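Please keep the structure in view while reading.

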Amino acid sequence: MSQAKIARAADHPRRALIAQATPILVGQLAVMANGLVDSVMAGRAGSEVLAAMAVGSSIYISLYVGLMGVLIGLTPICSGHYGAGRYDEVAKDAQQGIWIALFMSVPGLLVLFNPDFIFRLTDTPPEITSQASGYMAGIAVGLPAALVFRVFYAMSQSISRPGVVMGLQVLMLALKVPLNLWLMHGGWGVPALGAAGFGWATGITMWVVLAISLCIWFGSEHYAQFRPRGFVWPHWDRLKAILKLGLPIGGAYLIEVTSFTFIALLVSRFGVHQVGGHQIVSNMAAVAYMMCLAMGNATTVMAAQQLGAGSPKVAAAMVRKGLELAMLIALGVCLLFYTAGDWLIAAYTRDDSTRAVALALLPWVIAYHFIDALQTVCSFSLRAYKVSGRPLAIYGVSLWGVGIGGGMWLGVWADQPLQAEGFWIASLAGLVLAGVCLAGLLLVTIRKSLRATTTL
């Protein structure tokens, strides 16, 4: 059945990409809606609560995305196995992914339970750090569950079952809203936790969703061919293969997300309005990024499946169609932000000062998103070809060197610092550089793959 699906995808690449990307997008939007709900509810509770959640979530997201990115190495590996019909290999590599998730949870928990050194480095005010620490302690409880769930996520995407993950991510959102209300305001024997309540709600939700995903994996007949066969100890060769691809991906994710989240930490010195305004437009940009992410994920899976099936020309066609669709969607999002940006920002906060900061940042967000669509699909497409080391180097120079370094210059060190706006200007410049380099690397990689096939 899977080989027939792969053959149909080869005949209709655009249709296959949309079919793969749509449930990914819905699921990712549900995940981002969690952040949106947190931001809106925190904004309604006050600027200090919003700032504390912004700082705490920035640290958590930076850490989680870096760790989760390592597990993304499973996606092209398992997709290649699936395309070649090696279903038992999918199950074996997924088992090893669980070991990696558990190992990585240890350093993650150490950081989340001991964030004071980060607050000192960023000069975060005490009135923000106290609530941010509570938020991080709550969300830390769910970190192991979140990482193991990403193994199930990667495997399900690889075997073209994104709808299963989508359902779980929507369920996550449905659970998060009432938990937020309960834990933030208190009741039924639980004291009002404020910003910490958002973290505890996320932690509890992740364990519930993981339990359901494991029931599906071990109980559904659709996963029978991909089910672990008993207890298996860590297998070095498989771990090495996953980490070889996954560690640079995790590093690239870490660089990419911290080019965003470090801004919240670095501008916290300028007060709650600058942090809050940045948090609002960052959340808008992150929601929009989910569309790029969905198309990037779909392109990785579909291209890797075709490469596993021995069809590099079809894989190249998948990449081309993925880029076309991503750019078209990004154009629509930019038009939405341009025409309705004021209304969208007003939905986040009633504070005029915070709203003014967000409106000043909006033009840079629009330009950033359009370039982000290009570089995201290029980066994800390279993973299908098992290329992850060079994109890591490109991100390091572009997003940290130009983005964060330039942001410090424009936003903090200049004679008349632009504060949050300076960081967004520098981030846009870094992203343009990354997009150009990744597009060139992808073109060279595809041509090399096609030449190798012609030679054979």
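Two residues are said to be in contact when heavy atoms of theirs lie within 4.5 Å. The model shown here is a predicted one.

**Helix H5**

Under that definition, and leaving aside neighbours within four places in sequence, Val111 is in contact with Leu63 and Ile118. Val111 is found in helix H5. Its relative accessibility is 23%, so Val111 counts as partly exposed. The cut-offs explain this label: buried means under 20% relative accessible area, exposed means over 50%, and partly exposed lies in between. Val111 can also be placed relative to Gly142: the two are 31 residues apart in sequence, and their C-alpha atoms are 14 Å apart in space.

Ser105 is found in helix H5 too, which covers residues 87-113. With a relative accessible area of 4%, Ser105 is buried. Neighbours within four places in sequence aside, Ser105 is in contact with Leu143, Pro144 and Leu147.

Helix H8 comprises residues 143-158, which makes 16 residues. From its first C-alpha to its last, H8 reaches 23 Å, close to the 22 Å expected at 1.5 Å a residue. Is H8 mostly covered or mostly uncovered? The helix is mostly covered, with 16 of its 16 residues buried.

When residues up to four places away in sequence are not counted, Ser156 touches Arg161, Pro162, Val165 and Tyr223.

H8 is followed by Ser160, which is found in the loop between H8 and helix H9 (162-185). Ser160 has a positive phi of about 60° although it is not a glycine. At 16% relative accessibility, Ser160 counts as buried.

Lys386 likewise is not a glycine, yet has a positive phi of about 60°. The place of Lys386 is in the loop between helix H14 (352-384) and helix H15 (389-413).

**Helix H10**

Ser213 lies in helix H10, which runs over residues 195-219. At 0% relative accessibility, Ser213 counts as buried. Apart from neighbours within four places in sequence, Ser213 is in contact with Phe149, Phe152 and Leu168. Ser213 and Val165 are 48 residues apart in sequence, while the distance between their C-alpha atoms is 8.3 Å.

**Helices H12 and H13**

Helix H12 (residues 272-308) packs with helix H13 (residues 312-346) at an angle of about 170°, and their axes are 9 Å apart. H12 and H13 are therefore roughly antiparallel to each other, since angles over 145 degrees count as roughly antiparallel. By class, the contact of H12 with H13 has 20 nonpolar residues, three polar residues and no charged residues.

Ile280 is found in helix H12. Its relative accessibility of 2% means that Ile280 counts as buried. Residues up to four places away in sequence not being counted, Ile280 touches Ile345, Tyr348, Thr349, Thr354 and Ala358. Ile280 and Asn297 are 17 residues apart in sequence and, from C-alpha to C-alpha, 25 Å apart in space.

The following table gathers the pairs whose separations have been described.

| Pair | Apart in sequence | Apart in space, C-alpha to C-alpha |
|---|---|---|
| Val111 and Gly142 | 31 residues | 14 Å |
| Ser213 and Val165 | 48 residues | 8.3 Å |
| Ile280 and Asn297 | 17 residues | 25 Å |

**The largest nonpolar core**

In soluble globular proteins, nonpolar side chains tend to be buried together. Here, the largest nonpolar core has 138 residues. Which members of this core touch the most other members? They are Tyr64, Leu147, Phe149, Met155, Tyr253, Tyr385 and Trp424. Helix H12 gives the most to this core, with 17 residues.

Several of these names link back to residues described above. Leu147 is one of the contacts of Ser105, and Phe149 is among those of Ser213. For Trp424, with residues up to four places away in sequence not counted, the residues touched are Phe260, His278, Val281, Ser282, Ala285, Leu361, Trp364, Val365 and Tyr368.

Technical notes:
Residues numbered from 1 in each chain as written. Predicted model: local features only at pLDDT ≥ 70, side-chain atom pairs only at ≥ 80, totals over all residues. Heavy atoms only, no water. Axes fitted to C-alpha atoms, helices over the stretch in contact; angles between N-to-C directions. Helix = DSSP H or I, 4+ residues; strand = E, 2+ residues; numbered from the N terminus. Parallel < 35°, antiparallel > 145°, perpendicular 65-115°, else oblique. Nonpolar A, V, L, I, M, F, W, Y, C, P; charged D, E, K, R; others polar. Core = buried A, V, L, I, M, F, W, Y, C linked by side-chain atoms within 4.5 Å. Buried < 20%, exposed > 50% of the residue type's maximum accessible area, 1.4 Å probe, protein only. Expected span 1.5 Å × (residues − 1).
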